[in-house]
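Good morning, colleagues. Please bring the structure up on your screens; I shall discuss its strands and its nonpolar core.

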Amino acid sequence: MGPKKLSLLVSLLVASIPIFGQTEAINGSIRGHITDATGAAIPNASVEASNTNTGFARTGESSGEGYFVIPNLPLGPYTLTIKKQGFEA
């Protein structure tokens, strides 16, 4: 049997919400849940968020339940790269 495929559910949280007169946000977070084609969670997958305008990159890892958070990212467009041995994109 060949490599399994990864699927990804990502919630982008980069919009600012003014609360009690605070200034606009200068950073955001990317959160997601990594699963295979059957919906099973993929633990300990490497996740890299790369800003497509600046090249800035930050990495993280999914939890035992397949969830990940990459916090404090400068605002902008990002590409996610997810890697796990035994899987292909």
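Strand E3, residues 46–51, pairs with strand E4, residues 57–61, in the antiparallel sense over five bridges. Strands here are DSSP runs of E with at least two residues, numbered from the N terminus, and two of them pair if DSSP finds at least two bridges between them. Please note that this is a predicted model, in which local features need pLDDT of at least 70, side-chain atom pairs count only at pLDDT 80 or more, and totals for chains, interfaces and linings use all residues. Residues are numbered from 1 along each chain as its sequence is written, and side-chain values use heavy atoms, with hydrogens and water left out.

Within this pairing, Glu48 stands opposite Thr59 in E4. The hairpin of E3 and E4 has five residues between the strands, and Gly55 takes a positive phi near 85 degrees there.

E3 and E4 also belong to an open sheet of three strands, ordered E4-E3-E6 with antiparallel pairing. Its edge strands, E4 and E6, each pair on one side only.

I turn now to the core. The largest nonpolar core has eleven residues, among them Ile30, Val47, Phe68 and Tyr78. Such a core is a set of buried (under 20% relative accessible area, 1.4 Å probe, protein chains only) Ala, Val, Leu, Ile, Met, Phe, Trp, Tyr and Cys residues joined through side-chain atoms within 4.5 Å. Strands E2 (27–36), E3, E5 (67–74) and E6 (78–83) each supply at least two of its residues, and E5 gives the most, with three.

Definitions and conventions:
Helices (H or I, at least four residues) and strands (E, at least two) are DSSP runs, numbered from the N terminus. Buried means under 20% relative accessible area, exposed over 50%, partly exposed in between (1.4 Å probe, protein chains only).
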